[in-house]
Amino acid sequence: MAATKHAQQIKQDSQEYLTTALLQLLETKDLAEITIAQVVRRAGVSRMAFYRNFETLADVLTAYFKPQIDARFNDIMTNTPQDQKIAALGQFFTDMTDTFNLAAKRGFEPIIQTVFNENMATFYKETINWKDISVAQQTYWVKFMSAGVYAIWREWLSNGQRESIETIHEILAKFQQSTLTALKE
């Protein structure tokens with residue numbers, strides 16, 4: 001049992017070292033410029049340690065960001081009153097501004113957006129009244145809205161948050177309501 005715990009600790013340490021090394025490299029380089037060899041050298045682990053834990057550098061970033069984003073969405077879904085969920089989403093984006101900016105600047109934004117979209121699909125499935133909307137319409141509406149919500153928040157953040165958060169909430173609510181209404185007609 002002790003050997004198993006020790007092996008698990010070594011695996012966890014390797015994952016943390018690799019993640020830290022990659023995040024440090026991303027401070028000055030784009031993801032496309034970074035190699036696994038650079039990451040393992042900086043982490044002080046073997047290439048084999050990398051491949052025991054991950055297949056790609058994108059996997060490292062997903063393993064790092066997904067639990068964080070999932071936890072925030074879970075908190076919004078379980079601990080936020082229905083009428084405050086959009087505001088909580090806005091706070092999530094505000095809190096993640098530095099991460100989103102780094103992701104856009106260093107070429108790993110698709111990883112963040114994929115995790116975000118997965119969470120938005122759950123968010124919408126649990127918060128929208130799907131009466132009179134077919135499964136196909138639900139599927140495409142969720143993809144459409146998730147991409148749109150991400151794009152609006154991303155634009156707002158990259159433009160220095162010139163509009164008030166309330167204005168962004170109103171825009172999102174109008175888009176959501178009008179597109180749902182259109183589907184029901």
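Predicted model: local features only at pLDDT ≥ 70, side-chain atom pairs only at ≥ 80, totals over all residues.
Of the elements around the largest pocket, α9 gives the most to the lining, with 4 residues.

**Stop 1: the largest pocket**

Select Gln 82, Lys 85, Ile 86, Phe 123, Tyr 124, Thr 127, Ile 128, His 169, Ala 173, Gln 176 and Gln 177. These residues line the largest pocket. About 180 Å³ of space lies in it. Now colour by element. α5 (85–95), α7 (109–127) and α9 each supply at least two residues of this lining. Then colour by class. The lining of the largest pocket divides into 5 nonpolar, 5 polar and 1 charged.

**Stop 2: the second largest pocket**

Which residues line the second largest pocket? Select Asn 117, Glu 118, Ala 121, Lys 125, Gln 138, Thr 139, Val 142, Lys 143 and Ser 146. The volume of this pocket is about 160 Å³. The largest share, 5 residues, comes from α8. By class, the lining of the second largest pocket has 2 nonpolar, 4 polar and 3 charged residues.

**Stop 3: α8 against α9**

Show helix α8 (residues 135–158) and helix α9 (residues 165–184). Two packed helices are described by the angle between their axes and the distance between the axes. Here the axes come within 11 Å and cross at roughly 160°. An angle over 145 degrees counts as roughly antiparallel. α8 and α9 are therefore roughly antiparallel to each other. Their crossing is right-handed.

Next, show side chains on both helices. On the α8 side, select Gln 137, Trp 141, Phe 144, Met 145, Val 149, Ile 152, Trp 153 and Trp 156. They meet Ile 165, Ile 168, His 169, Ile 171, Leu 172, Phe 175, Gln 176, Thr 179, Leu 180 and Leu 183 in α9. How many nonpolar, polar and charged residues does the contact of α8 with α9 have? The count is 14 nonpolar, 4 polar and no charged residues.

Keep His 169 and Gln 176 selected. Both belong to the α9 side of this contact, and both are among the residues that line the largest pocket.

**Stop 4: the whole chain**

Zoom out and switch to cartoon. The secondary structure comes to 9 helices and 0 strands. From the N terminus on, the elements run α-α-α-α-α-α-α-α-α. Show the C-alpha trace alone to finish. Along its principal axes the trace spans about 60 × 40 × 30 Å.

Terms used: Residues numbered from 1 in each chain as written. Heavy atoms only, no water. Axes fitted to C-alpha atoms, helices over the stretch in contact; angles between N-to-C directions. Parallel < 35°, antiparallel > 145°, perpendicular 65-115°, else oblique. Left-handed = near helix turned anticlockwise from the far one by under 90°. Contact = heavy atoms within 4.5 Å. Nonpolar A, V, L, I, M, F, W, Y, C, P; charged D, E, K, R; others polar. 1 Å grid on protein atoms, 1.4 Å probe; cavity = no way out; pocket = protein on both sides within 12 Å on 5 of 7 lines; lining within 4 Å. Points joined across faces, edges and corners; volume = space filled by probe spheres on them.
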